[in-house]
Amino acid sequence: MALVLGFISGSLPFSVWLGKLFLSQDIREIGDGNPGATNVFRTGNWKVGILALLLDYLKGVLPVAISYSVWGIQEGKLVAVMMAPLLGHQLSPFLGFRGGKGVATTFGVWTGVTMWEGPIVLGSLLTIFYFLFDHDAWSVIFGMIGLLLYWLLKGATAEIYGAALANLFFLLWTHRLALNGKIGLRFLRFRLKSR
C-alpha cells in the first residue's frame, strides 16, 4: 500500500499540467525538455514555477511522511518507501513512463523522514556546490554525496544511509546525460572573464 501510494504520488506530473493549464505550453518543449519545475521557471512565470516546485516537493513529502509517521514503516522497508515517489516521478505513467530528474521530490522525501535536517543539509551543500561548479548536474551529485557523508559521520541508522545511497544512484541515473559535461569551477571562470 505504501509503495503504491508513493509511486502514484510521485508520478503526478504537476509541472506539465500547470504549464498546460496556466501557460498554454508544454514545458517539455523548452529548456532541457525535463517535465519538472525548472522548465516552468524558464517560461518566465515565477508564480506558476513556485507552485510547480511546491507540488513536486509535496508529492515526496506526503506519502513518505504518512508511511513513516502514521503507518510506522521503518527499517529496510523505509528505503523502498522513500524511493517510490522518486521512481514514480521518473517513470510516470501519465507521461508514457518518462519523467523528471527528481530534485524537488528528493527534498520532499527527506522532509518526510527527517523533517528539516535532511533538506537543510542537502540544500546547503547544493548551494555551495552550485557556486563552486559551473555544471548544475554535478552540483546535485556532489550535494547528494555530501548528504550521504553527513549521515555516515552522524552515525545514522542503516535505513537512512541506505536511502541516501539509493537516492544518489537515482540522481546519477536521472542526470546521466547532463553529467557528460566537463566539471569547471564557476568562480574561476568568473575571474577569467572579468580580466
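Mentor: Let's begin with a term: contact means heavy atoms within 4.5 Å. Keep in mind too that this is a predicted model.

Trainee: Which residues of α6 and α9 meet under that cut-off?
Mentor: On the α6 side they are Thr-106, Trp-110, Val-113 and Thr-114, and on the α9 side Ile-160, Ala-163, Ala-164, Asn-167 and Leu-171. This contact of α6 with α9 is made of six nonpolar residues, three polar and no charged.

Trainee: What angle do α6 and α9 make, and how far apart are their axes?
Mentor: Helix α6 (residues 103-114) packs on helix α9 (residues 158-174) at about 175 degrees, and the axes lie 12 Å apart. Angles over 145 degrees count as roughly antiparallel, so α6 is roughly antiparallel to α9.

Trainee: What makes up the secondary structure of the protein?
Mentor: There are 10 helices and zero strands. Along the sequence the pattern reads α-α-α-α-α-α-α-α-α-α.

Trainee: Why is Lys-182 called exposed?
Mentor: Exposed means over 50% relative accessible area. Lys-182 has 78%, so the word applies. You will find Lys-182 in the loop between α9 and α10 (186-193).

Trainee: Which residues does Lys-182 contact, leaving aside its neighbours within four places in sequence?
Mentor: Lys-182 is in contact with Asp-134 and His-135. Asp-134 is 48 residues from Lys-182 along the chain, and their C-alpha atoms are separated by 9.1 Å.

Trainee: Now the opposite label. Which residues of helix α2 are buried?
Mentor: Buried means under 20% relative accessible area. In helix α2 (residues 14-23), Phe-14, Ser-15, Val-16, Leu-18, Gly-19 and Leu-23 are buried. These buried residues pack against α3 (37-42) and α4 (46-70). After α2 comes Ser-24, with a positive phi near 50 degrees.

Trainee: What share of the 195 residues is buried?
Mentor: Buried residues make up 48%. The accessible surface of the protein is about 10300 Å², with 68% of it belonging to carbon and sulfur atoms.

Conventions:
Residues are numbered from 1 along each chain as its sequence is written. This is a predicted model: local features need pLDDT of at least 70, side-chain atom pairs count only at pLDDT 80 or more; totals for chains, interfaces and linings use all residues. Side-chain values use heavy atoms; hydrogens and water are left out. Axes are lines fitted to C-alpha atoms, for helices over the stretch in contact, and angles run from 0 to 180 degrees between N-to-C directions. Helices (H or I, at least four residues) and strands (E, at least two) are DSSP runs, numbered from the N terminus. Angles under 35 degrees count as roughly parallel, over 145 as roughly antiparallel, 65 to 115 as roughly perpendicular and the rest as oblique. Ala, Val, Leu, Ile, Met, Phe, Trp, Tyr, Cys and Pro count as nonpolar, Asp, Glu, Lys and Arg as charged, and the others, Gly among them, as polar. Buried means under 20% relative accessible area, exposed over 50%, partly exposed in between (1.4 Å probe, protein chains only). Accessible areas come from the Shrake-Rupley method with a 1.4 Å probe; for residues, only the protein chains shown count as cover.
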